[in-house]
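This briefing sets out selected structural features of the protein shown below, grouped by topic for reference.

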Amino acid sequence: MEKRNVYLDYSATTPLKDEVLEAMMPYLKEKYGNPSSIYSKGIENKEAIKTSRLQISKLINSEKDEIYFTGSGSESDNWAIFGTASSLRCKHIITSNIEHHAVLNSLEHLESQGYEVTYLKVNEQGLINPDDLEKAIKDDTILVTIMMANNEIGTIQPIKKLARIAHDKGVLFHCDAVQALGNIPIDVNKLGVDMMSFSAHKLYGPKGIGALFIKDGVEIDNLIYGGAQENGKRAGTENVPSIVGFGKASALALSGLTEHIAHCLELRNYFADRLFEDVFDTHVNGTMLDRLPGNLNISFDFIEGEAILMMLDYMGISVSTGSACSSSSGSPSHVLSAIGVPESRTYGTIRFSIGDFTTKEDIDYVIDAIKDITKKLKELSPFK
Amino acid sequence: MNMYNDTVMDHFMNPRNVGEMEDPDGIGIYGSPTCGDLMQIHLKIEDEVITDAKFKAYGCGSAIASSSMATTIIIGLSVEDALKLTNGEIVDKLEGLPEAKIHCSVLADMAIKKAIFDYAETNNKHYKALEGFDPYEMVQEEHVCICGKDEEK
Ligand code: FES
């Protein structure tokens, strides 16, 4: 078997597309002006930001002035949560137990400040029951924050339903859509969300640039104070090259969305079929229905995730562990525990995420590698 | 670029002395309650010398590499000398492990001690190095798998 490099960790980050880099290049070189300056060198940058805002707003069907640039998806999550928490003096927030740590750790901090947080449970497929949300809302609930698609198991939540329930009781709804943007259609109007977090590097854009959609009329406090950038809501000289890259990536995502979804789905399902056919003792975590098209989260019995990951890496394949035991967080994944995966199995979990540059040959190579590796590790394993 | 150096990768990809024995003179199983990782070792002991060792491991790359390296070290050693083995020595022989992975090498070290303990019990032998050694208590006390989180937090 000839060694090849196969990247199957698109949920972690994506490679920058050539067209995106091309669009960014002038702003890294000759177009270096500060967008706040009122001479031409500044104005061309201001215009570039406007264009990008428009491109992103088209992808999510918002008004362009509802897009605010941030430094990352995590910053967007933090801003939505702390911005809401500080403008309102009430004391209760609702979330789910499978959120990203940008949300969970922000809420943990608010709890230490006296806030009360309800963590909605998910079922075995990773889905929230809307009735549970309805029951959890109290008089002093100020915010519901629930992710659109989960980063580990790819489950897509019924955001529209959840947002409506929150609104019926007059509660703001924030949604972390970092994994969803560019992978499934998003229409903020139809979904009815008040705030939504995004990050460019999950859709073939650059790292270090995110955005928060804030619906017109929704007022939240600043996270960062200073200059008048982003309509006075997020200070700091704009990261113009990255903003331009984010815009270009969004435009590409919009025009190629149907194709992207079909490509990922086809390869993902091919991968799953071959895996279940050729490799024993494997289990898929989450549901195959309401799931990100490129995501596959698999538990292997009797063998350990980091060992699988390292052997795959040795063969040129990049994936991530589900349990994250080795990617330096010791406890088993909170997401896998939340959907009831037995602890022993969480240690043998790998997340494969497929993207635009994945080919069928890549999948065949990976399946062959997994066959070898699981055989080898099973021989090593004291469990039977 | 790899998280592990070449020696570690070699022992991980081509582990030495993998397997089990028909009837071993000592069996040691040591597991981490924290990460579920586990090592099992079988020893053949003749005239107080370890003539063979076979291991099986469920664990991360460094747990497997450490176990493999540990078996190569102890084969040919006297029981007394094998008891002197520390996880630090295993790490040295492997030319180092990443900071957060040092603890994985304890798995091998402890499993070997337990195997010798087992041998000593069945053969009524006494070793100074094993005085006060209680393999059952240890499992509770030692949180072997410190995969990094505790330190980084
Ligand atoms: S022994 Fe558990 S992570 Fe290494």
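A residue is called buried when its relative accessible area is under 20%, exposed when that area is over 50%, and partly exposed in between. On that scale A:C264, with a relative accessible area of 1%, is buried. The model is predicted, and the values that follow are computed from it.

**Cysteines**

- Zero disulfides are found when the whole structure, with all its chains, is searched.
- A disulfide requires two cysteine sulfur atoms within 2.5 Å. The closest cysteine sulfur to that of A:C264 belongs to A:C175 and lies 20 Å away, which is too far for a bond.
- B:C104 also counts as buried, at 4% relative accessibility.

**Helix α6 of chain A**

- Helix α6(A) spans residues 159–168, and its buried residues are A:I159, A:L162, A:A163, A:I165 and A:A166. Because these residues cover an arc of only 160° around the axis, they lie on the same side of α6(A).
- An α-helix has 3.6 residues a turn, so residues three or four places apart point the same way.
- A:K161 and A:D168 are exposed on the other side of α6(A).
- The packing partners of the buried residues of α6(A) are α5 (130–136), β5 (141–145), β6 (172–176) and α7 (188–191), which belong to chain A.
- After α6(A) comes A:G170, which has a positive phi near 75°.

**Four-stranded sheet of chain A**

- Four strands of chain A form an open sheet in the order β9-β10-β13-β12, and their pairing is antiparallel. Its edge strands, β9 (282–284) and β12 (320–321), each pair on one side only.
- Strands of a sheet pair through backbone hydrogen bonds, either parallel or antiparallel.
- β9(A) runs antiparallel to β10(A) (residues 295–300), and three bridges join the two strands. Within this pairing, A:T282 has A:F300 in β10(A) as its bridge partner.

**Loop between β10 and α9 of chain A**

- A:D301 is located in the loop that links β10 to α9 (305–314) in chain A. With a relative accessible area of 17%, A:D301 is buried.
- Leaving aside residues up to four places away in sequence, A:D301 touches A:D281, A:H283, A:R345 and A:K378.
- A:F302 lies in the loop between β10 and α9 of chain A, and its relative accessibility of 27% makes A:F302 partly exposed.
- The phi of A:F302 is positive, near 70°, although the residue is not glycine. Most residues other than glycine have a negative phi.

**Chain B: overall composition**

- Chain B contains seven helices and three strands, arranged along the sequence as α-β-β-β-α-α-α-α-α-α.
- Of the 153 residues in chain B, 53% are buried.
- When contacts in chain B between residues at least 6 apart in sequence are considered, 62% join residues at least 24 apart.

**Chain B: helix, hairpin and loop**

- Helix α1(B) (residues 6–13) is largely enclosed by the rest of the structure, because six of its eight residues are buried. These buried residues are B:T7, B:V8, B:M9, B:H11, B:F12 and B:M13.
- The elements covering the buried residues of α1(B) come from both chains, including α9 and α12 (360–380) of chain A and α2 (61–74) and α4 (87–93) of chain B.
- Strands β2(B) (residues 38–46) and β3(B) (residues 49–58) run antiparallel and are joined by nine bridges. One of the paired positions is B:H42, whose bridge partner in β3(B) is B:K54.
- Two residues separate β2(B) and β3(B) in a hairpin, and B:D47 in the turn has a positive phi of about 45°.
- B:E95 belongs to the loop between α4 and α5 (104–123) of chain B, and at 59% relative accessibility B:E95 is exposed. The phi of B:E95 is positive, near 60°, in a residue other than glycine.

- The structure has three cavities of 30 Å³ or more, and the largest cavity holds about 100 Å³ of space.
- The largest cavity is lined by 13 residues, and those closest to its centre are A:Y10, A:S11, A:N183, A:S353 and A:I354.

Note on methods. Residues numbered from 1 in each chain as written. Chains lettered and ligands numbered in written order. Predicted model: local features only at pLDDT ≥ 70, side-chain atom pairs only at ≥ 80, totals over all residues. Heavy atoms only, no water. Buried < 20%, exposed > 50% of the residue type's maximum accessible area, 1.4 Å probe, protein only. Arc of directions from axis to C-beta. Contact = heavy atoms within 4.5 Å. Pairing = 2+ DSSP bridges. 1 Å grid on protein atoms, 1.4 Å probe; cavity = no way out; pocket = protein on both sides within 12 Å on 5 of 7 lines; lining within 4 Å. Points joined across faces, edges and corners; volume = space filled by probe spheres on them.
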